[in-house]
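Visitor: I am new to this structure and would like to go through it by question and answer. Please show it to me.

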Amino acid sequence: MVEWTEAERRAIESVWEKIDVNVIGPQALESVLIVYPWTQRYFGVFGNLSSVSAITGNPKVAAHGKTVLKALGSGVKNLDDIKSTYAKLSELHSEKLNVDPDNFRLLADCITIVISTKLAAAFSPDVQAAWQKFLDVVVSALSREYH
Amino acid sequence: MSLSTKDKTLVKAFWDKASKKADDIGSEALSRMLITYPATKTYFAHWDDLKPGSAPIRKHGKVIMKGLVTAVSKIDDLESGLSKVAEIHATKLKVDPANFKILSHCILVVLSKMFWEDFTPETHVAMDKFLSRVSQAMSEKYR
């Protein structure tokens, strides 16, 4: 059971309030595909991912980025039960999509860096710590149903 | 994994700009690492103040950034350029090399925050690769 301090809850919610999932989502997914190109293996159906401009201009990448970030919102709203919030998604990623769970960590790092470019000074060390703790818990929940 | 000519050009161009704020970058990256990854505090138990921006953090932040300046200048041969500092971390300080990745991430967060206009996807991948190579060179002397 994860324990959250009041300050951590406020920090996580403040980040969520400040970001636009329709901007951050696409940029984070684009980043993971560009910075860690082996992640492209999971997106064969998205079409052209052969260059940076192909990735940043790909509408399927953008759409999926929004889907992923919106799903993060469920975790923000259910901080006290992130495990069951993501149980179904965990099963999906393990059984159907066969995604190596190490990729969740890579995406989490990219989400953090994209948010950092947008929030700048508002992304203080304390806020970063709370935000990354939240992402760690989400990653852990997503990795849970793997066997 | 190795750095392409394009990677090296991007790193040097970005570093030219970023190095003007070297002291702030070092201090902030180290502060963020100690707060976000509390296990890293074990290496600094001898400091009297681990709060963000404290005097020991600012001082050591400068040392780290000097190391990165050296790394950029020796980008074509990081293993020999960082040989001495790699030796110290392995044999004297005995820092678990997994921590280099952690500090690299915090450096990237600070760089992306301070230089968000220049932190394009191309720059992001070049800097991530560069810091990975630096971490690799820093891990050379462990066994």
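Visitor: How far is the sulfur of Cys110(A) from the closest cysteine sulfur, and in which residue does that sulfur lie?
Guide: A disulfide is a pair of cysteine sulfur atoms within 2.5 Å. The sulfur of Cys110(A) is too far from its closest counterpart for a bond, and the structure holds 0 disulfides over all chains. The distance is 15 Å, and the other sulfur lies in Cys106(B).

Visitor: What kind of model is this, and how are residues and chains labelled?
Guide: This is a predicted model, where local features need pLDDT of at least 70 and side-chain atom pairs count only at pLDDT 80 or more, while totals for chains, interfaces and linings use all residues. Residues are numbered from 1 along each chain as its sequence is written, chains are lettered from A and ligands numbered from 1 in the order in which they are written, and side-chain values use heavy atoms, with hydrogens and water left out.

Visitor: Is Cys106(B) buried or exposed?
Guide: Buried means under 20% relative accessible area, exposed means over 50%, and partly exposed lies in between (1.4 Å probe, protein chains only). Cys110(A) has a relative accessible area of 1% and is buried. Cys106(B) has 0% relative accessibility, so Cys106(B) counts as buried.

Visitor: Which residues touch the most other members of the largest nonpolar core?
Guide: A nonpolar core is a set of buried Ala, Val, Leu, Ile, Met, Phe, Trp, Tyr and Cys residues joined through side-chain atoms within 4.5 Å. The largest one has 89 residues. Those that touch the most other members are Leu72(A), Trp131(A), Phe134(A) and Phe130(B).

Visitor: How many residues of helix 7 of chain A are buried?
Guide: Helices (H or I, at least four residues) are DSSP runs, numbered from the N terminus. Helix 7 of chain A covers residues 102-119 and reaches 26 Å from its first C-alpha to its last. This helix is mostly covered, and the buried residues number 15 of its 18.

Visitor: How many residues of helix 8 of chain A are buried?
Guide: Helix 8 of chain A spans residues 125-143 and reaches 27 Å between its first and last C-alpha. Helix 8 of chain A is mostly covered, and its buried residues number 14 of 19.

Visitor: How many salt bridges are there over all chains?
Guide: Side chains of opposite charge can pair when their charged atoms come close. A salt bridge is a side-chain nitrogen of Lys or Arg within 4 Å of a carboxyl oxygen of Asp or Glu. One of them joins Glu6(A) and Arg9(A), at 3.9 Å, N to O. Over all chains the count comes to 13.

Visitor: How many residues apart in sequence are the parts tied together by Arg58(B) and Asp24(B)?
Guide: The side chains of Arg58(B) and Asp24(B) meet in a salt bridge of 3.3 Å, N to O. Arg58(B) lies in helix 3 (residues 55-73) of chain B and Asp24(B) in helix 2 (residues 22-36) of chain B, so the parts tied together are apart in sequence by 34 residues.

Visitor: Is Arg133(B) buried or exposed?
Guide: Arg133(B) meets Glu79(B) in a salt bridge, 3.0 Å from N to O. The pair links distant parts of the chain, with Glu79(B) in helix 4 (residues 78-81) of chain B and Arg133(B) in helix 7 (residues 121-138) of chain B. Glu79(B) is partly exposed at 25% relative accessibility. Arg133(B) has a relative accessible area of 14%, so Arg133(B) is buried.

Definitions and conventions:
Helices (H or I, at least four residues) and strands (E, at least two) are DSSP runs, numbered from the N terminus. The expected span of a helix is 1.5 Å times one less than its number of residues.
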